[in-house]
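User: Could you walk me through a few side chains and a helix pair in this one?
Analyst: Gladly; here it is.

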Amino acid sequence: MIYLDNAATTQLDEECMDVIRQYNLECFYNPSALYRKAMENGNALKKARGIISKSLGAGSQEIIFTSSGSEADNIAMLCSLRAKTGRVIVGASEHSAVYNTALELKVRGYDVEFVACDSYGRTDLNKLKDLLDEKVVLVSIMHVCNETGALNDLAAISKIIKEKSPRAIFHSDGVQAYGKIDVNVKALGVDLYSVSAHKVHAPKGVGALYCRSGLFLKTFVFGGGQEGGVRSATENLSGIMAFADVVERNFKDIKGNFNKVQEVRAYLKEQLQDKFDNIKINTDMENSSPYIFSFALNSARGEVLVHCLEDKGVIIGTGSACNSQKSTKRIPQALGISNSYAQGMLRVSFNEKNTKEEVDVFINALAESLQELIKYQNKSTSKDDCILSRLKLR
């Protein structure tokens with residue numbers, strides 16, 4: 001099986017299994033307890049916090065462990081606001097964890113504005129400037145677009161926010177950037193930054209939120225006061241320790257991995273354009289993360305092709321896995337994709353081990369799948385028949 005949906009999740013790094021086993025079978029003690037073994041676990045948790053903070057260019061006291069990147073986004077947006085009213089600005093192409101939290105803030109009485117993006121999913125800075133004023137209390141713009149890989153210049157955005165909306169809090173969803181590109185939250189000028197473990201070969205059920213020192217967060221989960229009183233509950237110590245282990249071992253050559261994946265993605269684009277007509281590229285190859293590549297076809301539905309490709313041993317996605325069970329037009333509309341291409345969007349997302357040979361297999365499988373769809377469509381005598389024939393391919 002060739003796996004090319006790494007933006008959805010990544011395969012667990014096998015070496016961290018020893019850490020997971022250790023902190024579930026041997027060092028299973030609650031790190032908040034007072035006996036020696038528990039206190040040793042408390043020190044291990046501090047060490048893990050230090051590893052994650054160092055990878056972000058932050059202080060260890062600025063890291064809050066969460067259950068996911070989505071939870072980190074929720075905490076950032078729901079717990080950072082002091083004012084009960086004001087304007088909240090969110091990117092139009094944001095992940096659903098941010099987008100839907102913004103809708104909740106709207107229900108709570110905030111004036112929520114969605115700032116437009118360009119055709120690649122990058123926030124339009126001129127449109128952002130037009131929305132910024134002294135009434136803005138929160139801005140949330142993702143670092144790397146999970147749909148297209150578009151890279152937002154957070155440092156430039158932070159400068160604009162500080163000039164036009166000095167009291168605004170700046171949050172960024174960094175889930176698709178973390179471990180893929182160099183991240184220094186101080187240099188980026190963000191107040192809050194969300195990351196997720198399972199996007200970098202660590203376990204599911206673990207995330208982290210950078211919260212700038214001096215920025216107060218309201219309590220999200222009430223209880224024993226863990227994680228600075230923001231998120232009470234006994235920490236998922238085995239998951240956190242495995243997360244830190246993966247980061248410490250695998251984040252040493254981010255630049256080298258970046259260059260390798262960039263070559264593989266460039267090869268994918270070349271092969272797609274060489275072998276297929278009527279293909280629309282949704283990814284800016286010059287200013288994006290090489291780990292994500294989005295394109296669209298006007299000859300078949302993306303979800304149908306995903307099933308066809310799976311039958312041939314290749315796994316890709318249509319976009320955010322969090323939206324895979326829902327029919328949504330939000331992202332195609334935000335990118336300005338015409339109706340003829342909107343249902344044919346596909347996303348290929350890499351890890352550092354994917355190869356050009358795997359791309360060749362994908363290209364051949366895609367060509368075969370399209371030929372099969374054409375054959376079935378030619379046999380159909382009506383629109384309903386066409387839909388039924390597609391379903392039979394599953």
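Analyst: The side chains of Glu-358 and Asn-354 are joined by a polar contact of 2.9 Å, a polar contact being a pair of N or O atoms within 3.5 Å where, within protein, one must be able to donate a hydrogen and the other to accept it, and where residues adjacent in sequence count only if both atoms are side-chain atoms. This is a predicted model, in which local features need pLDDT of at least 70 and side-chain atom pairs count only at pLDDT 80 or more, while totals for chains, interfaces and linings use all residues. Residues are numbered from 1 along each chain as its sequence is written, and side-chain values use heavy atoms, with hydrogens and water left out.

User: Where does Glu-358 lie, and what does Glu-358 touch, not counting residues up to four places away in sequence?
Analyst: Glu-358 lies in helix 13, residues 356-379, where helices are DSSP runs of H or I with at least four residues and strands are runs of E with at least two, numbered from the N terminus. Not counting residues up to four places away in sequence, Glu-358 touches Ile-2 and Lys-353, contact meaning heavy atoms within 4.5 Å.

User: Switching to Thr-148, which backbone atoms does its side chain reach?
Analyst: The Thr-148 side chain reaches the backbone oxygen of Tyr-120 at 2.5 Å and the backbone nitrogen of Ala-150 at 3.2 Å. Thr-148 is in the loop between strand 5 (136-140) and helix 6 (154-164), and it counts as buried because its relative accessibility is 0%.

User: And what about Gln-176, buried or exposed?
Analyst: Gln-176 counts as buried, because its relative accessibility is 7%. A polar atom of its side chain lies 2.9 Å from the backbone oxygen of Ala-7.

User: OK, helices now: at what angle do helix 1 and helix 8 cross?
Analyst: The axes of helix 1 (residues 17-26) and helix 8 (residues 237-250) cross at roughly 155 degrees and come within 8 Å; axes are lines fitted to C-alpha atoms, for helices over the stretch in contact, and angles run from 0 to 180 degrees between N-to-C directions. Helix 1 and helix 8 are therefore roughly antiparallel, the term for angles over 145 degrees.

Key:
Angles under 35 degrees count as roughly parallel, over 145 as roughly antiparallel, 65 to 115 as roughly perpendicular and the rest as oblique. Buried means under 20% relative accessible area, exposed over 50%, partly exposed in between (1.4 Å probe, protein chains only).
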